[in-house]
Amino acid sequence: MSEPVTGAFVSGGQSDSARPPRRAFLRTSATALAVGVSARACHAETEKPMVVAVIGVGGMGMNHVRHLAGYPQVEIAAVCDVDANRLALAAAEVENRSGRRPATEQDLRKVLADDRITAVFIATPDHWHTPAALLALEAGKHVYVEKPCCHNIREGRLLVEAARRTGLVVQTGTQSRSSRHVQRAMELLRDGAIGDVLVAKAWNSQRRADIGRTQPSEPPRHLDYDLWVGPAPMRPYRSNMLPAIWRWWHDFGCGDMGNDGVHDLDLARWGLGVTEHPVKVAAMGGKYFFEDDQQFPDTQNVLFEYRTAGRPRQLVFEQRIWSPYKQEGYENGNAFYGTKGLLVLGKIGGFHLYGARNKLLESMEGQPDLPAHHQNFFACIRSGERPAADAEIGHLSAALCHLGNIAIRTDSRLEFDSDREQITNHAPANELVRRDYREHWSSRLLL
Ligand SMILES: NC(=O)c1ccc[n+]([C@@H]2O[C@H](COP(=O)([O-])OP(=O)(O)OC[C@H]3O[C@@H](n4cnc5c(N)ncnc54)[C@H](O)[C@@H]3O)[C@@H](O)[C@H]2O)c1
């Protein structure tokens, strides 16, 4: 079944039987469900302002703040960050743009306890995404969570289950799902413009910076480092973890496959029309270029094989983050290979559709549309529909980056049981489907 082009219903439908226990959610499910229903009802018939908070106001969080503060129907009641400097900058930004000073909190629990707040935007580092989202859903808040929506596969499943249990809206930050040119490309693929799409490719090809080599040091005084680490295992602070460089450390990020790559993987999966996990994963890669502290590969090629209704399909991922040039017109892009033609798509740029003998049939320019993705989120809160990048969509796409990284870390070819979400042929690799959490209030719903 192909995914819908707009933010309509997407069926879940995966077996629950062999998944880890979720005691906390079973305990709270009845309350949470009631909260979800009333949260939906409360916005269904009114156009009253949507009161929101932004949790994590670094690079992307500030991007959300700038947009949200400009929407007439939205009030940013609070900003939250464990870094006092960033918190102050965000509060000033909200006040400058909207004329209203938001509350400032370092501890997200205080945001979640505010009954006025309907929805939270989570733009923390990846290791906080699902823990914060689960707590927010339990508190009855709709959630917009940055991509990848989870730091490992099990977290993604817990997020989907929590979204379904509570009935609240979960939107993943893959905003290209709401871009008109991407939606048009997907319409064409779904309508058979290039025949049967048997192979899709995603590439992440750009030039990243060297992060150097450092030794552990004291965290800056304006940062609550213990809270920054939150549910992850405690690691000593290093100056090349912040800002934003945590992406390249296993405990906190997902490498560039889970950073920019997940946007392109998500579109490849959408265009391929697959709404389950792959059954086989083969990968090769490593650090071919950088000689720094990065723990993830700078060069990574991953092949995923799907079996959809008995028919094999392949998704190819290429990553070279040392390339100061574009490939096939785009730094990051997708190619869809059909039995009758080819579609090449850049989420930043547009697409070209070619028929037999490379006859150009249609082109369109376009850019990722963050405001449209925000508006889709708000519209779904009001209507109760599933959003364009619902939790299940975010989970299925994030799982690709997790599987690709696991295959590289364990130097193995993986067989994956899509229903049980388990790697069946490699026990050490299967251990990485989940992670260990430290004892911390934020890991309460994950243990
Ligand atoms: N959708 C997109 O196109 C896009 C673009 C860039 C980044 N992102 C995503 O946004 C997220 C943040 O990335 P970034 O580049 O802004 O990183 P960043 O390090 O600049 O910002 C993260 C912020 O979260 C704060 N933080 C950490 N733990 C917190 C907690 N427990 N409570 C509140 N705040 C906390 C940090 O202090 C920091 O200010 C990542 O998941 C990234 O993948 C998405």
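Student: Leaving aside neighbours within four places in sequence, which residues is R97 in contact with?

Tutor: This is a predicted model. Contact here requires heavy atoms within 4.5 Å. With neighbours within four places in sequence set aside, the contacts of R97 are R66 and A69.

Student: Which helix holds R97, and is R97 buried, partly exposed or exposed?

Tutor: R97 is found in helix α3, residues 84-98. Buried means under 20% relative accessible area and exposed means over 50%, with partly exposed in between. R97 has a relative accessibility of 45%, so it counts as partly exposed.

Student: What separates the C-alpha atoms of R97 and Y71?

Tutor: Along the chain, R97 and Y71 are 26 residues apart. In the model, the separation of their C-alpha atoms is 9.9 Å.

Student: Where does T124 lie, and is T124 buried or exposed?

Tutor: T124 sits in the loop between β4 (119-122) and α5 (129-138). The cut-off for buried is under 20%. Because its relative accessibility is 11%, T124 counts as buried.

Student: Which residues does T124 touch, not counting those up to four places away in sequence?

Tutor: The loop position of T124 is between β4 and α5. Not counting residues up to four places away in sequence, T124 touches I55, G56 and H129.

Student: How many of the residues of α11 are buried, and what distance does α11 reach from its first C-alpha to its last?

Tutor: Helix α11 covers residues 391-409 and is mostly covered, with 18 of its 19 residues buried. At 1.5 Å a residue, the expected span is 27 Å. The reach from first C-alpha to last is close to that, at 26 Å.

Definitions and conventions:
Residues are numbered from 1 along each chain as its sequence is written. This is a predicted model: local features need pLDDT of at least 70, side-chain atom pairs count only at pLDDT 80 or more; totals for chains, interfaces and linings use all residues. Side-chain values use heavy atoms; hydrogens and water are left out. Helices (H or I, at least four residues) and strands (E, at least two) are DSSP runs, numbered from the N terminus. The expected span of a helix is 1.5 Å times one less than its number of residues. Buried means under 20% relative accessible area, exposed over 50%, partly exposed in between (1.4 Å probe, protein chains only).
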